[in-house]
Amino acid sequence: MRRIISCFIILSIGLLSAYSQNYDGYLSDALDEYDVYKKDALTEYEKYRAEANAEFAQYMREAWEKTNYEQPIQPIRIVPSVPPAVFPDFDDLDFPGDNEIPFADDLIFDWDDEKPLLIPLIEPVRNPESKIIRTYLYGTACELHLGPQEKIRMKGSSEKEAADMWEELSSSDYDELLYDCLAIRSEKNLCDWAYYRLTQSVSQTIFGYSNEAVVMTAFLMNQSGYRTRLSRGDDERMHLLLAFDDDIFNTIYYTINGVHYYLTDKSDPESLYIFKHEFPQERALSLSITKEILLDEDFTSVIHLKSRRYPQLDAELVFNKNLLDLYSDYPHPYKRGNKYSSWAFYAGTELSMQIKEMLYPVLIRCIAGKTQEEAANMLINFVQTAFSYKTDDDYWGYERSFFPEETLFYPFSDCEDRAILFTRLIRDILGLDAILLYYPGHIAAAVEFSENIPGDYLVFDNGRRFLVCDPTYINANVGMTMPGMDNASAIVIRLS
C-alpha cells in the first residue's frame, strides 16, 4: 500500500511539474502575444491621433464663425408663500388620519447611464530632462511631467496662431503631460467638471492667465475625449466653451448644431468667433457626480449637530474644505426643458465616506429597534432642528441649492436643502424610496414606507403610496403637510 501511495505521489509531482512547465510556457507566450498586440495598438492609435490632430488643425486655420450668445436661464426661485410653520412640540396632540392628497404632475427624468469616455492609448517614454510641475486642484497638490521643450508663445489670437499652437501641442513632447492628467483623473475619481478644472489649472500654471493657457486647456480636454469649442472675442481674448450632457443655470451659452456650449469663465461677450469643427469620438461633459472625489484633506473646525426632540441624535462632524470648495464652484445643473430636475441632481449625490463614518453610526445606533415610523420621525426632527432656517435670498443673495454635505456644514438652510438631505438619509439609512414635492414657493419630501403609517399621502405608479414628510415643518412628524400648502399644485419629482 505504501509503495502504491509513494508511486502516486511521485506521479503527481511529475504531472504537476509538467503542468507547471506547460503553464509557464503558455503564460510566457500569452504575455509575448499581448506585448505585440499592445505595441501594435499603440502604434495604430498614435497614427490615428496624429492624423486626426493634423486634420483638426487644418480646419482650425479656416475662418471661425461669429455667433451671438443666448441669455442664461435662471433657476426657480423658492420664495415662501407662507413662513415656515412650527408644529407645537406636544407628544399628546391628535394627529390627522389617512388623507390621500391630489397632486398636479409626476415628473420622471431620464437618468442615462454615464456615457463611456474615450481613454486615449497613451504610454509616453519618460524624458529624463522633463521637469515636474506642481499645480493645485481645490487644495489638492498634483504633480505632472512637462518636457524640456521651449514654452509655446502665440503672437496673436488668429486662427493661424491657434492652429500653429495646436500642432505643436499635438507632438509627442506633450504626451507626458496629457498622460499625467488622465492618471490623476483616474486616481482621484474626478468628475468631468473637476477634470476640466484640473486641465485649466495645469495650463495656467504653465502659461499664466493667457490665450496660450486657454488653447492648452482646450487641447487637454479635447485629447481626453471631451466636447469643447475654442473661440475668441472681438478683444482678441481666447475662450473655451464646454458642452454638457444637460444644461446649467446662470451661465451664457452658444448653440451649435443644437448643442449648448457654455462659457464658464465669468465673462459675457455678446458674440464670439467659434471654431465649430468636431473632433472624432468627442462627448459632452457629465454633470452627475457618481463617485466620491478623492481630494486632499483640509478639515474644518468641529460642527455640532443635535436634534431638539431626540437629544441622543447628537453628532460632531468635521468637513473637508476642499470638497466644500468643489461644491461651491460646481455649475447649477438641470435637464434641458425642465427646471424642476435641478434638485434631483443634488439629491442624487451621496455624502462623502468621511461624513458617513462620523454621522451614520450615530443615527443608526439611535434608531435601532425602532419601527419605520419612529425612525423616520427621529431623522426628520434631526433635519428640522439641527440647523437654522434662512432663505437663499437672505443668506446668499441669490438662488442656490445645496449638496447634502453642504446642508450639514452651513449654519443656515432652506426648504429644498433640507428635503434633499432628508431624502438622502432616508434612502441610505432606512433603504426606502423617496421623492421630492414641489409646491409653488416650497419643497417637501415623501417616502414610500413598507409599514402602514397614517397621514397625508400620494398614490401613483400602480398604487405606490408615498407619505408626505416635510423637513421644514418644524417638530411635525411624518405624514403632516405644512399649513398653507395647496396639495393640488404639488409636483412629484422622482429621484434617480
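Is arginine 126 buried, exposed or partly exposed? Arginine 126 counts as partly exposed, because its relative accessibility is 38%. Buried means under 20% relative accessible area, exposed means over 50%, and partly exposed lies in between (1.4 Å probe, protein chains only).

This is a predicted model, in which local features need pLDDT of at least 70, side-chain atom pairs count only at pLDDT 80 or more, and totals for chains, interfaces and linings use all residues. Residues are numbered from 1 along each chain as its sequence is written, and side-chain values use heavy atoms, with hydrogens and water left out. Helices (H or I, at least four residues) and strands (E, at least two) are DSSP runs, numbered from the N terminus.

**Salt bridges**

- A salt bridge is a side-chain nitrogen of Lys or Arg within 4 Å of a carboxyl oxygen of Asp or Glu.
- The whole structure holds 28 salt bridges.
- Arginine 126 forms one with aspartate 180, and the closest N and O atoms are 2.7 Å apart.
- That pair links distant parts of the chain, 54 residues apart: arginine 126 is in the loop between strand 3 and strand 4 (131-137), and aspartate 180 is in helix 3 (residues 175-187).
- Aspartate 180 is buried, because its relative accessible area is 7%.
- Aspartate 329 forms a salt bridge with arginine 197, with 3.0 Å between the closest N and O atoms.
- Aspartate 329 lies in helix 6 (residues 321-329) and arginine 197 in helix 4 (residues 192-207), so this pair ties together parts that are 132 residues apart in sequence.
- Glutamate 350 forms a salt bridge with lysine 356, and here the closest N and O atoms are 2.5 Å apart.
- Glutamate 350 counts as partly exposed at 45% relative accessibility, whereas lysine 356 is buried at 16%.
- Shared partners join Asp106, Asp433, Glu448, Asp461, Arg464 and Arg494 into one network of salt bridges.

**Sheet and helices**

- Seven strands form an open sheet in the order 2-19-20-18-17-21-3, with mixed pairing.
- Strand 2 (99-100) and strand 3 (105-107) are the edge strands, and each pairs on one side only.
- Two strands pair if DSSP finds at least two bridges between them.
- Strand 2 pairs with strand 19 (residues 456-460) in the parallel sense, over two bridges.
- The axes of helix 9 (residues 372-385) and helix 12 (residues 415-430) come within 10 Å and cross at roughly 145°.
- Axes are lines fitted to C-alpha atoms, for helices over the stretch in contact, and angles run from 0 to 180 degrees between N-to-C directions.

**A buried residue**

- Isoleucine 493 is found in strand 21 (residues 491-493).
- Isoleucine 493 counts as buried, because its relative accessibility is 0%.
- Its contacts (heavy atoms within 4.5 Å), leaving aside neighbours within four places in sequence, include Leu107, Tyr340, Trp343 and Ile435.
- The C-alpha atoms of isoleucine 493 and aspartate 105 are separated by 8.7 Å, although the two are 388 residues apart along the chain.

**Positive phi in loops**

- Most residues other than glycine have a negative phi.
- Asparagine 250 has a positive phi, near 60°, and is found in the loop between strand 8 (247-248) and strand 9 (253-256).
- Lysine 266 also has a positive phi, near 75°, and its place is in the loop between strand 10 (259-263) and strand 11 (271-274).
- Lysine 266 counts as exposed, because its relative accessibility is 77%.
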